[in-house]
Amino acid sequence: MHDSDYEYVTFARRANGVLVMTLDRPDKYNAANEQMHGELARVWKDVSADDEVRVVVVTGAGRAFSAGGDLEMVQRMAGDHDRVSHMLIEMSDLVENLLDCSKPVVSAINGVAVGAGLVIALLADISICAADAKLGDGHIKLGVAAGDHAALMWPLLIGLAKARYYLLTGEMLTGAEAERLGMVSKSVEPGDVMPEALRIADGLAAGPQQAIRLTRRALNNWAAGSRAIFDQSAAYEMLTFMGPDVVEGAAALREKRAPAFPSAARRGD
């Protein structure tokens, strides 16, 4: 696994087997375009196959963890059956490859994390989050169903009532609120995110490797047992990419205005 194999993901190896993986598109707040999304889907297989890696710490370059899917990519996908079909497969690969990764993953959530970025942040085994970071699922505000990881993981992490509230409203949480609800493992002061993530990763790297990996595998069966929910939500998200609401949602985000979703218009208007 080398930097040359990836354009928007960089790697730093520590002597103890800790791999620091950085989402590296800081000029776009690490939002994923098509290339980056594909890299994030396949990197976990490379991590699993790398015998020198014991633990992964994943973070974002600059001020953000990841702003989710690049808006230009969203606009290219809208109404395009081939792009949407490809994304459905790739979205599944991202979630399943991360869950099936044989090495423990620690997320260092240094700033805003939404959409595809939140997939990695919350599917990590241990999540360390800046107390002032902003987390949320913006699918509803874009005009598409909440797919990615949301219907799969949010009820497991914070309970169904809270998951319904945040996924249906699209409201954001701070890192401190996310810790209180049980969404992330721990929230810390912004400057302490990476030191704390590395402290935990160093401990895992020095621990009993088979015991840690098998414990991780068993715990992830909570998510694996609900993968039918993920498949359904992913399909629903891609279905709504074929409708008119996402076109208006993306335009409203780009123009920084309130959306006027066609599906919300009254009959006769």
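Predicted model: local features only at pLDDT ≥ 70, side-chain atom pairs only at ≥ 80, totals over all residues.

Reader: What makes the overall size agree with that of a compact globule?

Author: A compact globule with 269 residues would have a radius of gyration near 18 Å, and the protein has 18 Å, so the two agree. Along its principal axes the C-alpha trace spans about 65 × 40 × 35 Å. The chain forms 13 helices and 9 strands. Of the 269 residues, 51% count as buried. Among contacts with a separation of 6 or more, 73% are between residues 24 or more positions apart. The protein exposes about 12400 Å², and carbon and sulfur atoms supply 54% of this area.

Reader: Why is tryptophan 222 called exposed?

Author: The word exposed requires a relative accessible area over 50%. Tryptophan 222 has 64% relative accessibility, and therefore it counts as exposed. This residue is found in helix H11, which covers residues 221–224. Together with Leu156 and Leu219, Trp222 makes a nonpolar surface patch of about 370 Å².

Reader: Why are cysteine 101 and cysteine 129 placed in the class they are given?

Author: A residue is buried when its relative accessible area is under 20%. Cysteine 101 has 3%, so it is buried. Cysteine 129 has 0%, so it is buried too.

Reader: How many disulfides are there, and by what rule?

Author: A disulfide is a covalent bond between the sulfur atoms of two cysteines. The rule asks for a pair of cysteine sulfur atoms within 2.5 Å. By this rule the count comes to 0 disulfides.

Reader: How do you know that arginine 14 and aspartate 202 meet in a salt bridge?

Author: Side chains of opposite charge can pair when their charged atoms come close. The cut-off is 4 Å between a side-chain nitrogen of Lys or Arg and a carboxyl oxygen of Asp or Glu. For arginine 14 and aspartate 202 the distance from N to O is 3.0 Å, so the pair meets the definition. The pair links distant parts of the chain, 188 residues apart: arginine 14 lies in the loop between strand S1 (9–13) and strand S2 (18–23), and aspartate 202 lies in helix H9 (residues 193–205). The structure holds 13 salt bridges.

Reader: What makes glutamate 34 and arginine 83 a salt bridge?

Author: Their closest N and O atoms are 3.3 Å apart, and the limit is 4 Å. This pair also links distant parts of the chain, with glutamate 34 in helix H1 (residues 34–49) and arginine 83 in helix H3 (residues 81–100), 49 residues apart. Glutamate 34 counts as partly exposed because its relative accessibility is 28%. Arginine 83 counts as partly exposed because its value is 35%.

Reader: Which class does each partner have in the salt bridge of arginine 257 with glutamate 248?

Author: The closest N and O atoms of this pair are 2.6 Å apart. Arginine 257 has a relative accessible area of 34%, so it is partly exposed. Glutamate 248 has 15%, so it is buried. Elsewhere, salt bridges that share partners join Glu34, Arg76, Asp80 and Arg83 into one network.

Reader: Which residues of helix H13 are buried, and what covers them?

Author: In helix H13 (residues 245–255) the buried residues are Asp245, Val246, Glu248, Gly249, Ala250, Ala251 and Ala252. Their cover includes helix H2 (71–77), helix H5 (139–142) and helix H12 (227–240). After H13 comes lysine 256, with a positive phi near 55 degrees.

Reader: Is aspartate 148 buried or exposed?

Author: At 8% relative accessibility, aspartate 148 falls under the 20% limit and therefore counts as buried. Aspartate 148 lies in the loop between H5 and helix H6 (150–158). Its phi is positive, about 45 degrees, although aspartate 148 is not a glycine.

How values were computed: Residues numbered from 1 in each chain as written. Heavy atoms only, no water. Patch = residues over 30% accessible without salt bridge, like charges linked within 9 Å, V, L, I, M, F, W, Y side chains within 5 Å. Areas by Shrake-Rupley, 256 points an atom, 1.4 Å probe, with all protein chains shown as cover. Helix = DSSP H or I, 4+ residues; strand = E, 2+ residues; numbered from the N terminus. Buried < 20%, exposed > 50% of the residue type's maximum accessible area, 1.4 Å probe, protein only. Rg over C-alpha atoms; globule rule 2.2 N^0.38 Å. Contact = heavy atoms within 4.5 Å.
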